[in-house]
Protein chains: 2
Amino acid sequence: MTQIVAPTHPFDVAVELSPELGAPGVFLGHTSPAYANMVGPFGGITAATLLRAVLQHPERLGDPLSLTVNFAGPIADGAFEVSARPTRTNRSTQHWSIELAQDGVVTTTATAVFGNRRDTWASTEIEAPPAPPADDVAAAGFPDFIAWARNYEMRFVAGELPTPEAGGQPDSTTTMWVRDAPPRALDFPALTSLCDVFYPRAFLRLGRYLPAGTVSLTVYFHADATLLAAQADDAVLATARAQRFGKGYFDQSGEIWGHDGALLATTHQLVYFKD
Amino acid sequence: MTQIVAPTHPFDVAVELSPELGAPGVFLGHTSPAYANMVGPFGGITAATLLRAVLQHPERLGDPLSLTVNFAGPIADGAFEVSARPTRTNRSTQHWSIELAQDGVVTTTATAVFGNRRDTWASTEIEAPPAPPADDVAAAGFPDFIAWARNYEMRFVAGELPTPEAGGQPDSTTTMWVRDAPPRALDFPALTSLCDVFYPRAFLRLGRYLPAGTVSLTVYFHADATLLAAQADDAVLATARAQRFGKGYFDQSGEIWGHDGALLATTHQLVYFKD
């Protein structure tokens, strides 16, 4: 007899999807209070949920190579529907279109590329930012009213949340050791969520909180399943900075490094802000 | 009497789309021999064509903020159909899903975010790469069998195409002054196409040509229409480098700078390669 075990880690509860009977590629989910942000859910958990829809789709080929998520409108607390459609399947790659909707209204769109990897020449051209070992850095969280951040153990190496005393900074870089709290073995959805773990870079430059939200998020996965599994539940080194702020938007580029120095993902996003 | 003038610049010919009668959001196009690549069209011209479908859609709101194009399969020489669908329209932003198909088979998918910009605090945190004025750099093209490259005047400041004598390089950076040939005033489609003007970074690192192709391309537009218009037909400074090569893929990040030092776009892509 197969025993269905309900997930217990808050992350697994948040990204849980049930296939809708008779509608292939359609999944039902529910927002999780544990991952609430100021308005709607934390973007990282939404991105992870959309990736998960592809991961549990019966036609899925291989592992994630890239993912782009567009945050089109707010997600209300409650149930939602995710539809994942393979737009094209090749010999070693597969392309997906994904939508999240509530009551028939699209809130989030995404595209993803999955594929099988082959051994090739390899080189990591960029370097990880300098950082002491995770255990040597004090854990410091977000203000308590940001629910989702309580699910991450963050150890800031540079660019922690601004304080009134610190004021604005000339550089928008944040670097931190981070992992799920409670600890959880890293997988593709968790890595996806970590790509959105950085608070808006405008906060750091201007030294204050302001309305801001991700418009579009892209993740390039460099880790395959084997490299991810080797991370176990250790902290990863996450770093991000902005390139350009102006006319209501800024872009941000980030990197997620394994504890062993392997580059697991690079990530980019465009963020709306109001000053 | 309204006179319809056919486009004459090769770029405008290549991205021309005709609305399909009775099918809102569906446009007919045709590949252009002038922008042919090794297999199918140059990715930049395809990305520009998809953006153009939104730009000429009657429901379009504002200017492009971000674009992600996924190259799902080869585009054959000949006719194609582009469908652009607004997935969500907000007060100041609009989200789009776009597909290019031939004979009903999807070859390319995309999502785009458009919107109206507001004046806000602005800051460009990164710096343009060092480069002498464009006129002081000799124009040097691609091998003549790469048709699309003949439509760009390229002046390499760093990282020109590898030669057998030069061999592999430790750094994958290419920086060049580049503009359309013949010169053409910069607009959003032309800027989009320029974001894909870099030859595959693996060529530079390994010092040789090898099979490679963009899988997914993202553009973040920092320039609004006014800043673009100010570029006229001057060369822009384009720079790109890879972060990580491995297991058959690498990622590349690039920047397009105006002649006056303004950051016009940042761009990222994931590229397939075979060594």
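**Two copies in a predicted model**

Me: How do you know which surface the copies meet through?
Reply: Of the interface residues of chain B, 100% are also interface residues in chain A. So the copies meet through the same surface.

Me: Why is A84(A) called buried?
Reply: Buried means under 20% relative accessible area. A84(A) has 6%, so it is buried. A84(A) sits in strand β4 of chain A, residues 79-89.

Me: What is A84(A) in contact with, leaving aside its neighbours within four places in sequence?
Reply: Contact means heavy atoms within 4.5 Å. On that basis the partners of A84(A) are G25(A), A53(A), V54(A), H57(A), W96(A), S97(A) and I98(A). V54(A) is 30 residues from A84(A) in sequence, yet the C-alpha atoms are 6.2 Å apart.

Me: Why is D103(B) called exposed?
Reply: Exposed means over 50% relative accessible area. D103(B) reaches 83%, so D103(B) counts as exposed. D103(B) lies in the loop between β5 (93-102) and β6 (105-115) of chain B. Its phi is near 50°, a positive value in a residue other than glycine.

Me: Why is A232(A) called partly exposed?
Reply: The class lies between the 20% and 50% cut-offs. A232(A) has a relative accessible area of 34%, so A232(A) is partly exposed. Its place is the loop between α5 (225-231) and β11 (236-246) of chain A. Phi of A232(A) is near 45°, also positive in a residue other than glycine.

Me: Is the peptide bond from A181(A) to P182(A) cis or trans?
Reply: It is cis, with omega near -5°. P182(A) lies in the loop between β9 (174-180) and α3 (188-194) of chain A. In chain B the bond from A181(B) to P182(B) is cis, with omega near -5°.

Me: Which residues of chain A does UniProt list for the domain "Acyl-CoA thioesterase-like N-terminal HotDog"?
Reply: The unreviewed entry lists residues 34-115 of chain A. In the model that span is 16% helix and 50% strand, with its end C-alpha atoms 32 Å apart.

Notes. Residues are numbered from 1 along each chain as its sequence is written. Chains are lettered from A and ligands numbered from 1 in the order in which they are written. This is a predicted model: local features need pLDDT of at least 70, side-chain atom pairs count only at pLDDT 80 or more; totals for chains, interfaces and linings use all residues. Side-chain values use heavy atoms; hydrogens and water are left out. UniProt positions are given in the numbering used here, feature names are shortened, and annotations may be inferred rather than shown by experiment. Helices (H or I, at least four residues) and strands (E, at least two) are DSSP runs, numbered from the N terminus. Buried means under 20% relative accessible area, exposed over 50%, partly exposed in between (1.4 Å probe, protein chains only).
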